[in-house]
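Here's a quick tour of some side-chain packing, for anyone who likes rings and helices. Have the viewer ready.

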Amino acid sequence: MKRIALMTMMAAAATAATQAQGLQYPKAAKDGTVDTYFGQQVSDPYRWLENDTSAQTAAWVEAENKVTSDYLRRIPFRSKLLKRLTELSNYEKVGAPRKRHGKWYFYKNDGLQNQYVMYQMDELGGEARVFLDPNTLSQDGTVALKGVYFSHDGRYAAYAISRSGSDWQEFYVIDVKTGQLTGDHVEWAKFSGAAWQGDGFYYSSYDRPADGKEFSNVNEGMKIYYHRLGTPQTDDMLFYQNPTQPKRFYEVTTNDEETLMYLYESGDGAGNNLFVRDLRQPGSQFIQLTSNMDYQYMPVYDDGTSLYIYTNYGAPKGRIMKADLRRPGLNDWQVLVAEGQNMLNGVDVINRQFILTYAEDACDHAYVYTLDGQLRHEVQLPTVGSVSFTGDKQGEECFYTFSTFTVPGTVYRYDMATNQSTPYAQPRVSFRQQDFETRQLFFRSKDGTRVPMFITHKKGLKLDGRNPVYLYGYGGFNIALGPGFSVTRIPFLEQGGIYAQVNLRGGSEYGEAWHLAGTKMQKQNVFDDFIAAAEYLISEGYTSPERIAIVGGSNGGLLVGACMTQRPDLFRVAIPQVGVMDMLRYHRFTIGWNWASDYGTSEDSREMFEYLHGYSPLHNLKPGTAYPATLVTTADHDDRVVPAHSFKFAATLQECHTGPNPVLIRIDTKAGHGGGKPLAKVLEEQADIYGFIMHNMGMKYKK
């Protein structure tokens, strides 16, 4: 591929009048960049916006944010929305407790704390003491706790933090007994836990990036280091690297007894390779168990002689298999729990029993099995919804957290012997739950595929074609969307809106076949499913094109970008959040190369390039087109999907768009892809998004 750059920059401060409600968008300079793919030239005139640390980009960001903030501030009911969102969020949120080395730990948010606090108890239900409070680590709540990892003797806990929403992690170590920091500090870790062995732990990291390129340069050459307590990071021992595969992820874990070590290799396919090492044998080396990263292989338990492994190898919907440590190769594994009709999406070992969670039409059902694979009973869940279990492999206590679209996450204590559940922590949110209902609908996509969708709304809904709809989807990377609660949806529902969540192809709802049907040369299926969902809601009298807002983040931002460029007539509002908008260059930034298993890349072949170019949101904006009212969102510390995607898309959209609808970009500061974002920032962002949606649908805010 050849790059031609003709730098003919114009002043970024210049403005161009538009028809959009009197808005004047900053005039973005063009630099004349053209790339050649398989003989075809593709213009990329806003390439300079990829340099997120340049003065020119900073000036453009400042100008765009001023236009956007001025617009959002003028929305009459925006302050009322923020007030209501704040009221709804101000309730105690308690996570399921877990026992570690004789103490109980749980997370809690008193209501409006920016970050959850980790508490410690001597006994279940006893006095709770603060163990780790990330709110004390920054004044604005932008330092988030990413994980806590106890040493196997219970003396220490390594904890990971991130700053301003970045994927970069730092590790600190706390003395569990005294609560004091040890002085250990590790930087530039990424996508890593802390695997304890002896008097230290293993972690995965990259070399320190060049100044100014921390959040944009390609991440490659991941290494595993061992950090010994009491020593500086510069003395950490390089434990593992694979220079022949710089664009892969590597991580190790150890079992509680420190007798086995696992090595995971991923990044070249939808799954991982698995290696095991017997630490009881002096001088032992890793044994490779698998060799195909198109499949997942995850150890869930070991008894000293056998490994119990979840895999979708030979079972697209997942199964449990057993490997003998004396003959651990994949060909010698035995089936314990065979593949079923539904997707196996959760495996826990608690009290030396399996709890297996299956998704039936995207709703969870859980079952208890013995370790030799015999079904005991189905867990009697409160109703249809989503569930996650918490407990120790050897401990008797078991808890689960259950939620639906109208029921916030409730913690239950579960007796595995009697199959009885008792509420342990029930949140109280100030809204009339009984006024709303959820239904699951099924519709046919463009090619006839049957696709499920959940809708939640006030009871007594009239099918008059006038109901506002917030249509949400993701459709990728084997990720399922199940029922889940969010207070941010409630004001929209209270004002008569419908929340619609579509289970698009590309997810894991129906197994690997469903996932693959939304990848690479089949990616258009995902967009067709989403478009068909909107058309179905219109045909059934729920709504009309003037009352539909489409929303999605990350891969879901790509979804929104593709659908609004393919069918600008079908939607009133579009909210592409932290989206992958440049499908020709996504793999050139941070960990974008890891998405090739779902997307393919523009360098693979002419056919793949042409397919990507055919739906890439950035490259399918057409001059003189009236697009939906659009609010693009991104953040300055997003090193997952770099903000350049949204920058270039917004600049091109403002250039191409005609008509009265506003097309804006909201660029957050000290924030990243979304994880760890402080509550205050979440509420401000959601007030802006819902305010933008409701205002552009002509909705009035009623008390």
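## Charges over rings

Arg450 lies over the face of Phe442, 3.7 Å from the ring centre. This is a predicted model, by the way. Elsewhere, the charged end of Arg277 sits over the ring of Phe286, at 6.0 Å from its centre.

## Aromatic pairs

Searching the whole structure turns up 52 aromatic pairs. One of them is Phe77 with Tyr701, a stacked pair at 6.1 Å centre to centre with 20 degrees between the planes. It ties together distant parts of the chain: Phe77 is in the loop between α1 and α2, Tyr701 is in the segment after α10, and they are 624 residues apart. Phe77 is buried at 7% relative accessible area, and Tyr701 counts as buried too, at 18%.

Tyr586 and Trp595 also stack, with centres 5.9 Å apart and planes 15 degrees apart. Both Tyr586 and Trp595 are buried. Then there's a cluster linked by ring pairs: Tyr149, Tyr156, Phe171, Trp196, Phe201, Tyr203 and Tyr225.

## Helix α2

Helix α2 runs over residues 78–89, and its 12 residues should span 16 Å at 1.5 Å a residue; the end C-alpha atoms are 17 Å apart, which agrees. Its buried residues are Arg78, Leu81, Leu82, Arg84, Leu85, Leu88 and Ser89. Seen down the axis of α2, they fall within an arc of 165 degrees, so they line one face of the helix.

On the other side of α2, Ser79 and Lys83 are exposed. The cover over the buried residues of α2 includes α1, β6, α3 and α10.

## A buried serine

Ser646 sits in helix α9 and is buried, at 1% relative accessible area. Beyond its neighbours within four places in sequence, Ser646 is in contact with Val578, Gly579, Val632, Thr633, Thr634 and Ile665.

Technical notes. Residues are numbered from 1 along each chain as its sequence is written. This is a predicted model: local features need pLDDT of at least 70, side-chain atom pairs count only at pLDDT 80 or more; totals for chains, interfaces and linings use all residues. Side-chain values use heavy atoms; hydrogens and water are left out. Helices (H or I, at least four residues) and strands (E, at least two) are DSSP runs, numbered from the N terminus. The expected span of a helix is 1.5 Å times one less than its number of residues. Buried means under 20% relative accessible area, exposed over 50%, partly exposed in between (1.4 Å probe, protein chains only). The arc is that of the directions from the helix axis to the C-beta atoms. Contact means heavy atoms within 4.5 Å. Rings of Phe, Tyr and Trp (its six-membered ring) pair if their centres lie within 6.5 Å; planes under 30 degrees apart count as stacked, over 60 as edge-to-face and the rest as tilted. A charge sits over a ring if NZ of Lys or CZ of Arg is within 6 Å of the ring centre and within 35 degrees of the ring normal.
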